[in-house]
Amino acid sequence: MALFGRQPIAPLEYTRKLWMRSWVGATLLFLYAPLILLMVFSFNDSKRNVVWKGFTLKYYEKAFANESLVEAMVNSLTIALLATVFSVILGALAGVMLWRFRFPMKSAVEGVMSLPIIVPEICLGVAMLIFFARMDWPTGLPWPLNLSAITIAHITFCFPFVAMVVRSRMASFNREQEEAAKDLGASEWQTFRDILLPHMKPGLIAGALLAFTLSLDDFVITFFTSGPDTITFPVKVYSMVRFSVTPEVNAASTILIILTIVLTAVALKLQGVKGIAETH
Amino acid sequence: MAEPIIQIRNVSKRYPGSPVAAVDDVSLDIMPGEFFVLLGPSGCGKTTLLRMIAGFEIPTSGTILIDGQDMAAVPPNKRPVNMVFQSYAVFPHMSVEQNVGYGLKIAGVRGDEASARVREALELVKLDGLGSRKPDQLSGGQRQRVALARSLVMRPKVLLLDEPLSALDAKLRAQMQFELSDLQDQVGITFITVTHDQDEALSMAGRIAVMNKGEVAQLASPSDLYEFPANRFVADFVGSVNLFEGKLTLDEPDRAAIDCPGLGKVYLGHGVTGPHGADVWVALRPEKIYLHVPGKGDAIRAAAKDAPEDHNLARGTIKGMSYLGDITLYEIKLDSGAMIRVSRPNLSRHDQEDFTWDDRVSMHWRADSPVVLLS
């Protein structure tokens, strides 16, 4: 062995084991090959996504020229942004409440709150449809008020995720820090702003990312709560795909993927990847 | 006499659902500039009492006055006391300077005055030059200094310390005991420290209140606490002690005698003012017993003529010994069957070889060594 200048593999040196490397490679391949293909074929100069015919940007032009597609994209981003903001506020408050207070029926409240995570999306979608119909929720309002029903539906299933992340983050909080701040003269609000909030921040950012991506790609619930003039991106793609998968869809999807990657990168940069990792 | 800085008047604390009081009718006066220690085993109520002074717990009954002012309606952030927490509770997202300056920022002290006071506080705890560090770049001892500086910068009337040294290693703890005492001399602020460590209490305190089951078992100076414990709990908790039950057979103003079935006849050079024939306990510290070879030691015994014949004498067999460097500790089975612990200083480098397992030994002690306890 020493003759070949090779050290024997220690029991925990998994990265030097061939079967482990191939396993990781295969996992990455299955995860990302479809995505990479989708992106590559968005530049394909052919109407069909089968054979590579040459490089072109014309489907990007086409996608941007497709007014209803652009509108759907803008709708999706608006809904995701609004849902994220409200989910983070509601979720943070709920998370702090569950961490901080003891009250009767607490476990029941916790269970009910995580219900939107557990309940099948299709059921939640139907329920939302019936709810908004029975409420006689106004339709045909000017933009962006016409998105209110979808946004409310999205907040419903997004905020429990934020609450869970924030709560688990708070579990690592040392209560003596809160007392120390008060001991130094800080009021309840100052303590929250200066001590609790900074501790919560990685959880808030992780929760916001979760909420944003969940909202952006939601199809089922959106499908049930959207009207003819409130099409979101996933719903629009679905309707386009029903005829044929054109490179136009590929182009639009690529833009969306890049957009989410950039947003995630910015969020991670803001906090530092370490902070996010610590949350879980 | 000066007015006490803190007056605790009949304070009790009961938690709902608990049959016993965490703090039971405690009254204490703490003087300005004093180094006061609350000592006791875990669960004795010492931390609860400290937290009531800080305002984090509300007394069930009784009043706490700080500087003559009733604190009942004053929340923690408005009290003229500051606390150093057991976990230090240093804010992890702030630098050392920001930590120390936090209280000043809240109080509205800004600019040059704030930075001067922060610098002064950091110098006081010997952390100058580390102001821009984050807490995770500091050692445990340094973090504690940050917590100290953070409280001292507020110039409180009273500084409360909750088990301040419990998380430090032995060497650092010994060093911090001296530093805390020095610091207290320097700033002249009243310190109230909670600890379960008797060494810590004895070395730092001006006065110690020993607490047991929510009550103050004894309030005394360190040496009084050790040499004149008021009851068996204090005698046993502070230091190490041999306790023997006995009957009071003689009690006059200048002498007393107790007959202990376990230890033998004990003679004291002072009265105990207890009822004749009463059941009492004799407490004898291990270091106050002289150990010698039977026969040979009788010569030394003859030199200590402060007790009548047959008193303050015992014989036994060594059953265990542990060599601790500065002293050697012996476990001796007395002829009565009772066990007694004796410590012996190693005055020369061969002293520990004088006795070994199963040696017959005789012991004596002076008439002013035992303490008679009525409870």
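Residues are numbered from 1 along each chain as its sequence is written, and chains are lettered from A, with ligands numbered from 1, in the order in which they are written. In this predicted model, local features need pLDDT of at least 70 and side-chain atom pairs count only at pLDDT 80 or more, while totals for chains, interfaces and linings use all residues.

**View 1. The two domains of chain A.** Chain A is divided into domain 1 (9-58) and domain 2 (59-279), with bounds from an automatic or database domain assignment. Their centres, taken over C-alpha atoms, are 29 Å apart. Domain 1 of chain A brings 11 residues to the contact and domain 2 of chain A brings 12; two residues are in contact if their C-beta atoms, placed from the backbone, lie within 7 Å. On the domain 1 side, helix 1 (residues 18-41) of chain A gives the most, four residues. Helices (H or I, at least four residues) and strands (E, at least two) are DSSP runs, numbered from the N terminus. By class, this side of domain 1 has five nonpolar, four polar and two charged residues. Ala, Val, Leu, Ile, Met, Phe, Trp, Tyr, Cys and Pro count as nonpolar, Asp, Glu, Lys and Arg as charged, and the others, Gly among them, as polar.

**View 2. Helix 3 and helix 9 of chain A.** The axes of helix 3 (residues 67-100) and helix 9 (residues 188-216) of chain A come within 8 Å and cross at roughly 145°. Axes are lines fitted to C-alpha atoms, for helices over the stretch in contact, and angles run from 0 to 180 degrees between N-to-C directions. Among the residues that meet are A:Ala80, A:Ala83 and A:Gly91 in helix 3 of chain A, and A:Leu204, A:Gly207 and A:Phe212 in helix 9 of chain A. The residues of this contact divide into 11 nonpolar, six polar and no charged.

**View 3. The contact between chain B and chain A.** Chain B contributes 17 residues to the contact and chain A contributes 14. On the chain B side, strand 6 (81-84) and helix 2 (96-107) of chain B each supply at least two residues. The largest share, four residues, comes from helix 2 of chain B. The chain B side comprises 11 nonpolar, five polar and one charged residues.

**View 4. The two domains of chain B.** Chain B is divided into domain 1 (6-233) and domain 2 (240-373). The C-alpha centres of these domains of chain B lie 39 Å apart. Four residues from domain 1 of chain B and five from domain 2 of chain B form the contact.
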